[in-house]
Amino acid sequence: MNYEAVIGMEVHVELNTRSKVFCGCSTNFHAPPNTNVCPVCLGMPGTLPVLNRQAVEFSVAVGLALDCSISRWSKMDRKNYFYPDLAKNYQISQYDLPLSFDGAINIIVGGETKRIGITRAHLEEDTARNTHTLGGGDSGVDFNRSGVPLLEIVSEPDIRSGAEAYAYLTALKQILQYLGVSDCNMEEGSLRAEANISIRPVGQEAFGVKTEVKNVASFSGTQKAIEYEIARQRQILENGGAITQETRGWDADRGITVSQRSKESAHDYRYFPEPDLAPIVVDTAWEEQIRAGLPELPQVRRARFEEAFGLSPYDAGVLTASREMADYFEAVVEAKAPPKQAANWIMGDVQALLTYRELDIADCPLAPVELAAMIGLIENGTISGKIAKDILPELMDTGKSAQDLIEEKGLVQISDADELVTVAREVIAANPGPAADYRAGKAKALGFLVGQLMKATKGKANPKLANEILARELGSSED
Amino acid sequence: MAQITLDDVDYVAGLAQLTLDEATKERLVGELGSILAYMDKLNALDTTGVEPMMHALDMTNVYREDEVIESLDREAALMNAPKTDGAYFLVPRILEGD
């Protein structure tokens, strides 16, 4: 039988406000345990949470960027359960009236664009962090994370494969990073993804029994976990078995999912409206004000890069992968570098050097104007592309201008025809064999002679001119 | 409205992590039952034309600005902890996935 997978994603992102969602404690991830805490986020009785305006505005911005409708009227609710990371024994979340709902993200998989529906995005508080590595029989609880604003983004079950899930997560993260509302750092837990996975015979309307895979440390891990889970479920069904509804963890070392708990009884969270927090009313004026503050989003920017700068879809995709990368590229082009050259340098040598130095483009020591200036020196024939490649690391490390550096090192390209004619004659005299070959019609021999000429000039000869002059000298000395 | 049973009391007590003796359970069957009966009385009211009340507060949009203020010092934060190592609240070992 042919099966198809039905996958929905739940993504939690910590919003990078300065202070927590209901109190003024810092959200700094790197603080020592239990130093960013107060009676509110420790869940002391008698405290009053007050909602952080920025957290609401970030949440609405995400909703708008995900093409959601924004609730005119929404509220916070209490979700009741017991766990050591939850001092109040309830989490303040949103139940029936989320801040935003009914949106979509476009993903591209195998060249095809597909729309993945967004069910809702709601605001809640993060819980404390448990640590199990203290030794002894105890677990430690750190409340620094308790009360950090968390946005839960729930997709429709529109995803059909691990590859689509990967594309969805990548597109979502890209949008969140463009908005600047979250660090989206999976290692630090500021972005956490869970997948609900079931399979059903192709053509069947009803969903199969689902499993939930969580605690995966990367997007590629999520993709692999989903692929594993689809295969596992198929095998069970094909052998006449039944899927157990449960939570499964991803064991990256063994490449399998492992049962964590079965959902025998459905959780009964007994949601009710949070009486300590006033309802949230986002009127059209506020919504429009937030919309006006949205940056150009990745898909729009990518399309503009293709159109305005004549870039290929691939190049435009790479250059808009992050907002910082796109900003860098645009700054180089603004400094008068031809777009295609700018794209090649950034995606090629600049990126390679940054990777080697473990730097992000946002921290690129080479200023966009300096890269543009260097490209300008190639364009006007002052230096060859080869020389530019050679000096780029130093340009990046010293902060000197390209002009100063090439003058200092005597690297200005030889574009003086008289000087090159002299060298060309020497090269021809020193290599009678290849010269004769060329004259006998072996055009390829010219390449060797050009190479010799470049060697003789330490790479400083203008390659185009060197070609022309050699060809001319080989022709003229025939008679 | 269905009557409250002993099973209902057990279920609710379980959710609230309460251990109740039999006498208390019997008493709660009656008390919870009378609360629900009162709800039935409210349900009997004709609310045609009455705007639904969505929230107990009649104010909206009460916010604080995103400013960091000083937190408790750690000693004070941990003062009431039944068990601590000076940095963490210590709790009986949690098995992941519980």
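In this predicted model, the C-alpha centres of domain 2 and domain 3 of chain A lie 32 Å apart. The domain bounds come from an automatic or database domain assignment. Local features need pLDDT of at least 70, side-chain atom pairs count only at pLDDT 80 or more, and totals for chains, interfaces and linings use all residues. Residues are numbered from 1 along each chain as its sequence is written, while chains are lettered from A in the order in which they are written.

Here are the domains of chain A:

| Domain of chain A | Residues |
|---|---|
| domain 1 | 3-286 |
| domain 2 | 296-408 |
| domain 3 | 417-476 |

Domain 2 and domain 3 of chain A each give four residues to their contact; two residues are in contact if their C-beta atoms, placed from the backbone, lie within 7 Å.

Now let's look at the two chains together. Their contact takes 44 residues from chain A and 33 residues from chain B. Strand 10 (138-142) of chain A gives the most to chain A's side, with five residues. Helices (H or I, at least four residues) and strands (E, at least two) are DSSP runs, numbered from the N terminus.

Strand pairing also links the chains: strand 2 of chain A runs parallel to strand 1 (residues 63-64) of chain B, joined by two bridges. Two strands pair if DSSP finds at least two bridges between them. Opposite A:L51 stands B:Y63.

Within chain A, four bridges pair strand 13 (residues 211-214) with strand 14 in the parallel sense. There, A:K214 has A:G249 as its bridge partner.
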